[in-house]
Every structure is written in C-alpha cells, then in structure tokens.
Amino acid sequence: MESLAAASKIIPTPLKTSVYRYGLLDPTINGKLVDEQILAAHRYQNKLIELEHARRRDRDEAIALDPTVAEFNSRVAAQEAALETERCALSAQRSKARSRDVGDPAKATEIIASLKVLRGERKSAVKNALERPDIKAALASASKKHKSSVREARGICGVFWGTYLQVEAAMEAAARSPTPPRFRRWTGDGSVSVQLQKGIAASALAKCQDRRVRLSPLATSVPGRGGKPLPRLMLRVGSGHKRHPVFAEWPIIFHRPLPENGIVKWVKVVRRRVAAHGKWSVHFTIQTPPPIQPKELDGSVLAINLRWARKPGSDEAERTIVAADWCDGKNSGEIHIDRAVIGMKRKADDILSIRVKNFDRIKEQFVAAKVSLPLPEEHKERLLNLHAWRAAGKLAAHQIWWRTHRFDGDSEIFGKIEVWRVQDKHLWEWEANARRKALARRHDSYRVFAAQMSRSHQALVIEKLNIANLAKIPKPEEERKHNEGASSQRFDTSPSELRSTLLNAFRREGARILEVPAGMSSAEMLAYFREWGGDAVVSPPVRSLRFNRVRKIPTDSAP
C-alpha cells in the first residue's frame, strides 16, 4: 500500500512566521493618545460590523427578488419557528420532570430532517437566481454601496493606519463566516499596531531610526516605580506637523532577544483589562528562514492522547486531573494539572460568588431606601431601572458619579454603598488576578513540556479532535447527554491550549506531525505511526485504519 506521504503533497514554505511576545508596563509617553486610539478602533470595528449586517441584509433582499427563493425563505422560517417551539416545549417538560428521559423528540427530529431538505432546495434555487441579470445588478449595487460606506467610515474613524488595517483584516475574516458578526462590548481591551512594509531586520530596531517602531536597548528607570531599569519600546500611534511621527513609549521586559536573522513584519501592542488595571504586552510578528533540513526520523516519536479525566485511586489522587497521556516507545507518562492551578481557579469562582451575593444585598437595600429618599430629577432618571441592574460595575460607576452630586438626606445609604464599593473593588482585583495567575501557570507548564518534548523527539502523533464540538451542549432532541463533570474538567485542562502549544513547539523545531483519528490510546497512536505514517506530514488522508478498537467519544465526556 502506498504511504500516506505519497497522497499528501508537501509544499515547502520559504519563510517561517513566529510571534514573539514581551510584557510591557504602562505607557510613559502619550498614554492618553494610546487610550484614544484603542477606543476609536473599538468604535470603528463596531461600525464595520453594522455595515456588514447591512451588506448581508441588502444581499438577501436582492436574492429574494427571485420568487422561488422568497418562497423557500418563508418555508424555512416557518419550519425554524416550529422547531424552536418544539424545543422549548421539550425543554420545559424535561425541566419540570428533572430528567432527560421524558418527552418524545420525534417531532423535532422530523422538523430537522425537513429543514435539511428545504435548505438544500433553497441552495439550488439561490444558485439559479444568481444567474439572473437583475439580481446580478442588484448585488453589484449593494457591493458598491458597502465599499463606499467602508471608505467613508475609515475616513472619519480617527484611527491610525496600522491599527485600522488590523481591524479591517478581522472584519474580512468575519465576513467570510456564514453567521453575521456580533457587536463588541467595550471592556477596555484593545490594541495599536504598525505594519512594516517589506519588513525590517530585528537587529535594526535597536538603532532607533525607523519612523514606525523603535526598541531602545538603553535601560532607564521607570518613573514612579521601583525596580531595575528597563529598555523602552516606541510605537508610532499618529502623525504630527508635516507628518512627523508621534510615538508612544512603554518600558519593556525584554527577557529574550529577537532572532538575529528575523524580519519584523508587524508590531502590535495589546492591552488586556484585569479588574481595574490594564496588562500590556507587545507582539512581534517575525519571519525567519526555516530549518535547512527537517529533522531526520530516528525512531523518537511522541504520541499524545488528549484527556480531561480525574485520576482514579486514593482520595489525594482523585483531586488530580489528567490533561493527557503520552508514549514514545521507551517511556510513558501523564500530564497532570497542578493542584494549585485548580485551587486558584476555584478560589476565583468562590470570590465571584461572594461578590454576587454582596451586590444583590446592597442593591436590595438601595431599592428599599430609594422609596423614601428625596431624589433629584437627575438621580431619578439614572436610577429608573435600578431593580433590574445586574452589573456591579454599573452601581460602582453611579456611586463615583454620586460623590459630586450629593443631596440632603443621602448620608446613610451613600455610606453603605461606598463601603460596598471599596470591598467589591478589592474582591474584584483578587478574583481577576487569581484567575489570571492560574491560567498563566497552566500555560507555562504546557509550554515547558512542549519545549522539552519537541527538542528530544523528531515527530509528533496527536489526535485530530474537534474540541469545539465537544463543548456544545446537546439540543433537546439529541440523544447524547451532557456530562457536567467532564465539561468542568475540560475547562480546567483546556485541551485546545495544550494541543496548539504542542503543534507550535514541534513546528518550530522542524519536526513531522501526524494527526490521527480520535479515540486511540497513545500506544495505539504510536503503533499506527510506525506502520503507516513514517513519512507523513500534517493531516494526511486516512484510508486504512488497522486498529478497530477506535472508540467513539461522547460529546463532552471524559476520555
């Protein structure tokens, strides 16, 4: 039988693209301008989402000019409404009985089957409708209108060109999805970017002569902060008089050098909100020459079986979650999630529960006190729907505004809410940082394991597993059951993060990678590679599977 490599065309890439990430401190120069750029980019993205919704609406209206398509649209909408009604009734019946074994999903299954047929017929009708000259003209007009609207929005957005290119690239990817993009809530997260056309040598950044990005190796003290002096990153965030560059500056924690032979193509500074503070980082997108020769296969192959199961055994071991087991023919082992990681995540969840209870309690007191308070009109308007508030941040923001809008008789309830706000901010910081540290600790353990294994093995065998499907909660008509315990363990282990970390590490080392069907043990995966995948590359077609012990993995069940 021909090898899998013969069926897989290997296309060598001339350059390897990597992203180098470094931590930053708060900006020391033009921080306010950076904040304005991040907010403007967020508004520009939402504007593009609005325009994308309008484009899809115009496209659907143009195609619906065909009466056959319009008829199918109405029939599909009617069937979708009937399916939703049946699902709600089935869910209500099972909720009342507190069991998934009651109710008959046959009707819902029948509607789904008819919907599949209708959508197939509508697809054929749409294909025929697209050949009509009037519909072609309507689609061309809608496309022209959309492009004009995007150009107009770009011209008034106030976002520097490097940043709006990133926003538009994200929207182009979202436009290819069959589902419309969702509007983004403002959380304070965002980024500013610059594109380096044709690239710049990584070593040239230290010369501080480029008009887009500079990396000063001279370590200087950080104003208002102790500790050792740090180098500086300067990124262009605007233009001044006669298009002179306007730079923002951040102290950078330069823990490792950039590759000397690397070409920097993009530089992106990212801000992620952690409670009331921002965490900054910079991402250098760098192209480097690939390894001159790929690693020769000398028998050192690592097989990884992704899992998210509790380790059986003693009481102490039962608290251990196994993220994966591995085998290379000589040694074998398991990847365990550090108990400290699980403890920190559980602590963060406990703190969140305390915050919710405290918020509900103070809101109840405020609603009761509001009845007897002589509220000014401005307060009445702001507190009109106080009883329906669900976000602690909304009450905290109102309390801060209240400081400068006091009125007679508000001392008692104002003092209670102020005490709550101070405590809630403390708990919020505690919760957010505990969760951040837990995730960072888990990610670091995965990176260390992947780096060690990629240096000592010439090939990786890993499951081709659609983890997104495993995370889906089954619909009421589906027979499979949702395992909440396994779902929690999957969330604790994050198999997608472990999988991507391993793939990145082995690709960086120029190793071979083979993806195999899900359900094998690590020993079976290794034997499969020995027999069929010795010369294979990523995702070869699987035509002959000799191992018949491949088990089906139920959705969100622990392997």
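# Briefing on a predicted protein chain

Setting aside its neighbours within four places in sequence, Glu-418 is in contact with Gln-399 and Arg-403. Glu-418 has its place in helix α11, and with a relative accessibility of 19% this residue counts as buried, because the cut-off for buried is under 20%.

**The chain as a whole**

- The secondary structure of the protein chain comes to 15 helices and 12 strands, and of its 559 residues 40% count as buried.
- When contacts between residues at least 6 apart in sequence are considered, 72% of them join residues that are at least 24 apart.

**The nonpolar cores**

- The largest nonpolar core has 27 residues, and within this core the residues with the most contacts are Leu-233, Trp-250 and Phe-284.
- The elements giving two or more residues to this core are β1 (16-24), α2 (31-63), β2, β3, β4 (230-239), β5 (245-253), β6 (263-274) and β7 (277-288).
- Apart from this core lies another, made of 25 residues, and among them are Leu-302, Ala-323, Met-453 and Ala-505.
- Leu-233, once its neighbours within four places in sequence are left aside, is in contact with a list of residues that includes Leu-24, Val-213, Leu-215, Ala-248, Ile-252, Val-269 and Val-282. Trp-250 and Phe-284 are also in contact with Leu-233, and the list includes Arg-214 and Glu-249 as well.

**Helices α11 and α14**

- The axes of helix α11 (residues 411-456) and helix α14 (residues 495-508) come within 9 Å of one another and cross at roughly 35°, and the crossing of α11 and α14 is right-handed.
- On the α11 side, the residues that meet α14 are Arg-442, His-443, Tyr-446, Arg-447, Phe-449, Ala-450, Ala-451, Met-453 and Ser-454, while on the α14 side they are Glu-497, Leu-498, Thr-501, Leu-502, Ala-505 and Phe-506.
- Sorted by kind, the residues in the contact of α11 with α14 divide into nine nonpolar, three polar and three charged.

**Ile-462 in strand β11**

- Ile-462 has its place in strand β11 (residues 459-464), and at 0% relative accessibility Ile-462 counts as buried.
- Ile-462 and Leu-526 are 64 residues apart along the chain, and their C-alpha atoms are separated by 9.4 Å.

**Arg-122 in helix α4**

- Arg-122 lies in helix α4 (residues 106-129), and its relative accessibility of 24% makes Arg-122 count as partly exposed, since that class lies between the 20% and 50% cut-offs.
- Arg-122 and Arg-75 are 47 residues apart in sequence, and from C-alpha to C-alpha they are 9.8 Å apart in space.
- With neighbours within four places in sequence left aside, Arg-122 is in contact with Phe-72, Asn-73 and Val-76.

**Asp-210 in a loop**

- Asp-210 is found in the loop between β2 (190-201) and β3 (213-220), and with a relative accessible area of 15% this residue is buried.
- A polar atom of the side chain of Asp-210 lies 2.8 Å from the backbone nitrogen of Arg-212.
- Apart from neighbours within four places in sequence, Asp-210 is in contact with Leu-196, Ile-200 and Phe-247.

- Most residues other than glycine have a negative phi.
- Lys-198, which is found in strand β2, has a phi near 65°, a positive value in a residue other than glycine; at 80% relative accessibility Lys-198 counts as exposed.
- Arg-243, which lies in the loop between β4 and β5, has a phi near 60°, again a positive value in a residue other than glycine; Arg-243 is exposed, with a relative accessible area of 59%.

Conventions
Residues are numbered from 1 along each chain as its sequence is written. This is a predicted model: local features need pLDDT of at least 70, side-chain atom pairs count only at pLDDT 80 or more; totals for chains, interfaces and linings use all residues. Side-chain values use heavy atoms; hydrogens and water are left out. Helices (H or I, at least four residues) and strands (E, at least two) are DSSP runs, numbered from the N terminus. Buried means under 20% relative accessible area, exposed over 50%, partly exposed in between (1.4 Å probe, protein chains only). A polar contact is a pair of N or O atoms within 3.5 Å; within protein, one must be able to donate a hydrogen and the other to accept it, and residues adjacent in sequence count only if both atoms are side-chain atoms. Contact means heavy atoms within 4.5 Å. A nonpolar core is a set of buried Ala, Val, Leu, Ile, Met, Phe, Trp, Tyr and Cys residues joined through side-chain atoms within 4.5 Å. Axes are lines fitted to C-alpha atoms, for helices over the stretch in contact, and angles run from 0 to 180 degrees between N-to-C directions. A crossing is left-handed if the near helix is turned anticlockwise from the far one by less than a right angle, and right-handed if clockwise. Ala, Val, Leu, Ile, Met, Phe, Trp, Tyr, Cys and Pro count as nonpolar, Asp, Glu, Lys and Arg as charged, and the others, Gly among them, as polar.
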